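This report covers a core, a salt bridge, a few individual residues and a surface patch. The sequence and structure come first.

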Amino acid sequence: MKKFIIPGISALTFILGLVCLMVPFIPVGWLLIALASLLLAPYIKFMRKFIAWLSKIDKTGFVEKAGEKASDLYEWAGDKKRAEKLEAILKDSSPSNQEPD
């Protein structure tokens, strides 16, 4: 049952983020969409690419830290396979693994 909690919550968070983008006085739409994308990355290929892109442009390491927390959440839910998949996505796309131009 715990395995269905994360996709359900992240889908609702994504929808809430889209709604917040339409309402100009609630400035958290992008944050909610990024959070939902992070949680949905092990399930949806497009979200994996989006998180990889966010991780590449993030110079502060915020996406990587949030990814570690999301990975812990997957482990709490008993879904170690998706936790490892999320860690691999973040590790492969982190700026420290990129070759210098």
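## Salt bridge

A salt bridge is a side-chain nitrogen of Lys or Arg within 4 Å of a carboxyl oxygen of Asp or Glu. By this rule the count comes to 1 salt bridge. Arg-82 and Asp-79 are the partners, with their closest N and O atoms 3.3 Å apart. Asp-79 has a relative accessible area of 10% and therefore counts as buried (buried is under 20% relative accessible area, exposed over 50%, partly exposed in between; 1.4 Å probe, protein chains only).

## Basis of the values

This is a predicted model, in which local features need pLDDT of at least 70 and side-chain atom pairs count only at pLDDT 80 or more, while totals for chains, interfaces and linings use all residues. Residues are numbered from 1 along each chain as its sequence is written, and side-chain values use heavy atoms, with hydrogens and water left out.

## Nonpolar core

A nonpolar core is a set of buried Ala, Val, Leu, Ile, Met, Phe, Trp, Tyr and Cys residues joined through side-chain atoms within 4.5 Å. The largest one has 16 residues, and Ala-41, Ile-51, Tyr-74 and Leu-86 touch the most other members. At least two residues of this core come from each of H2, helix H3 (45-57), H4 and helix H5 (80-93); H5 gives the most, with 4 residues. Helices are DSSP runs (H or I, at least four residues), numbered from the N terminus.

Contact means heavy atoms within 4.5 Å. Not counting residues up to four places away in sequence, Tyr-74 touches Asp-79 and Arg-82, among others including Ile-6, Leu-39 and Leu-86.

Ser-71 is found in helix H4 (residues 62-76). Its relative accessible area is 0%, so Ser-71 is buried. A polar atom of the Ser-71 side chain lies 3.4 Å from the backbone oxygen of Ala-83. Beyond four places in sequence, Ser-71 touches Ala-83, Leu-86 and Glu-87.

Lys-85 belongs to helix H5. From Ser-71, Lys-85 is 14 residues away in sequence and 8.7 Å away in space, C-alpha to C-alpha. Lys-85 is partly exposed because its relative accessible area is 33%. Leaving aside neighbours within four places in sequence, Lys-85 is in contact with Pro-42 and Arg-48.

## Surface patch

Phe-25, Ile-26, Val-28, Leu-31 and Phe-62 form a nonpolar surface patch with about 520 Å² of accessible area together. Patches are made of residues with over 30% relative accessible area and no salt bridge, nonpolar side chains (Val, Leu, Ile, Met, Phe, Trp, Tyr) being joined within 5 Å; areas come from the Shrake-Rupley method with a 1.4 Å probe.

Ile-26 sits in the loop between helix H1 (5-22) and helix H2 (29-40). Ile-26 counts as partly exposed because its relative accessibility is 32%.

How values were computed:
Patches are made of residues with over 30% relative accessible area and no salt bridge: like charges are joined within 9 Å, nonpolar side chains (Val, Leu, Ile, Met, Phe, Trp, Tyr) within 5 Å. A polar contact is a pair of N or O atoms within 3.5 Å; within protein, one must be able to donate a hydrogen and the other to accept it, and residues adjacent in sequence count only if both atoms are side-chain atoms.
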